[in-house]
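Me: I would like to learn how the features of a protein model are read, one after another. Could we go through them together?

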Amino acid sequence: MNKNNLLRVTQMNAIYLDKEIYNSLHQILQNACRYLPVLQLHTEPEINLLLQLAILKYSLLNNDNTFGQQLLSIKYENISYTKKILYIIGNCLGYAKNKLELWRPTHDINNKIFNIYAILQLLHFINLSIFLHNGVKPLLIERVLGLTQVYAIENAQRQFESKYLARELLWNGFIEILVYVLPLINYHKIKRTLRHYNPLYRKPVYKVMSSRIMTMHSKCAYCGENPILPHHMGCAHVFCYVCLKGNQAADSKYECPVCDHRNPNSLCDRVAVMNSFCMQMGMM
């Protein structure tokens with residue numbers, strides 16, 4: 001393959017990789033500064049600018065290519081130090097635009113800024129159209145500075161690694177298996193069995209309740225929502241009918257997930273629970 005015969009998709013992939021690298025580092029910075037909202041609010045444009053300058057300094061300024069280009073083994077051909085500085089300044093124009101917007105200029109100046117930005121967007125579109133036609137200089141800054149991307153090594157070949165595609169297919173298949181299998185696993189029964197064989201586990205002491213107190217804030221001991229058709233299994237906790245009956249049907253030795261009480265032969269009627277609730281609301 002000729003050194004200068006660079007594929008369009010390779011050049012576009014380099015641009016996308018540069019954006020993903022910036023977004024990944026930017027996300028890390030946001031997570032680090034989320035507990036400092038004042039710093040993040042007032043200095044976010046400056047932090048983004050410093051991040052952008054750091055990336056370009058350790059990639060383009062020290063070498064002849066960006067991080068995305070390095071991953072694809074391409075570089076800029078015969079790029080001078082002056083062009084590197086101009087390239088960095090051109091990539092930092094977004095910071096100037098943000099500061100001008102925060103400056104709140106007059107209506108006339110604001111219109112001029114908008115017109116300049118619209119012209120730049122039009123030039124970007126025209127440059128992209130030219131790139132799709134002739135296959136060189138996908139970025140406007142590259143066309144302005146006369147930068148051409150070439151392969152960094154001789155006889156570079158574009159390879160498709162089937163192992164990555166196979167890995168993606170295997171992962172998707174594994175996710176589908178989990179979606180079907182996980183609902184079938186009774187983890188309450190597994191937990192109870194493991195505790196039964198644990199010699200250090202001491203079951204809490206409970207007592208059978210003759211009445212339960214249910215209020216507007218009572219929650220089902222299993223699903224944590226407001227009980228629907230409230231029932232109990234002899235302990236002080238209230239369940240939805242479906243939650244309790246379903247678990248007892250799946251596990252004959254089902255225990256209360258809160259107090260470990262077990263009463264598999266008793267699905268207690270909801271009358272006592274509802275009577276307690278009515279008494280709390282002053283209806284009886």
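Me: What does the secondary structure of the protein come to?
Reply: Helices (H or I, at least four residues) and strands (E, at least two) are taken as DSSP runs and numbered from the N terminus. Here the protein has eleven helices and two strands, and along the sequence they follow the pattern α-α-α-β-α-α-α-α-β-α-α-α-α. This is a predicted model, in which local features need pLDDT of at least 70 and side-chain atom pairs count only at pLDDT 80 or more, while totals for chains, interfaces and linings use all residues. Residues are numbered from 1 along each chain as its sequence is written, and side-chain values use heavy atoms, with hydrogens and water left out.

Me: Which share of the residues in the protein is buried?
Reply: A residue is buried under 20% relative accessible area, exposed over 50% and partly exposed in between, with a 1.4 Å probe and protein chains only. By that rule, 26% of the 284 residues in the protein are buried. Lys-99, which is found in helix H5, counts as partly exposed because its relative accessibility is 33%.

Me: How is a pocket told from a cavity?
Reply: On a 1 Å grid over the protein atoms alone, a cavity is a set of points where a 1.4 Å probe fits but cannot get out, whereas a pocket is an open set with protein on both sides within 12 Å along at least five of seven lines; lining residues have an atom within 4 Å of a point. Grid points are joined across faces, edges and corners, and a volume is the space filled by probe spheres set on the points. The largest pocket has a volume of about 1500 Å³. Of the 43 residues that line this pocket, the closest to its centre are Gln-52, Gly-90, Asn-91, Gly-94 and His-124. Helix H1 (8-33) is one of the elements that give two or more residues to the lining, and H1 has the largest share, eight residues.

Me: How many cavities of 30 Å³ or more does the structure hold?
Reply: There are two cavities of 30 Å³ or more, and the largest cavity holds about 70 Å³ of space. Its lining includes His-188, Arg-192, Tyr-254 and Asp-260.
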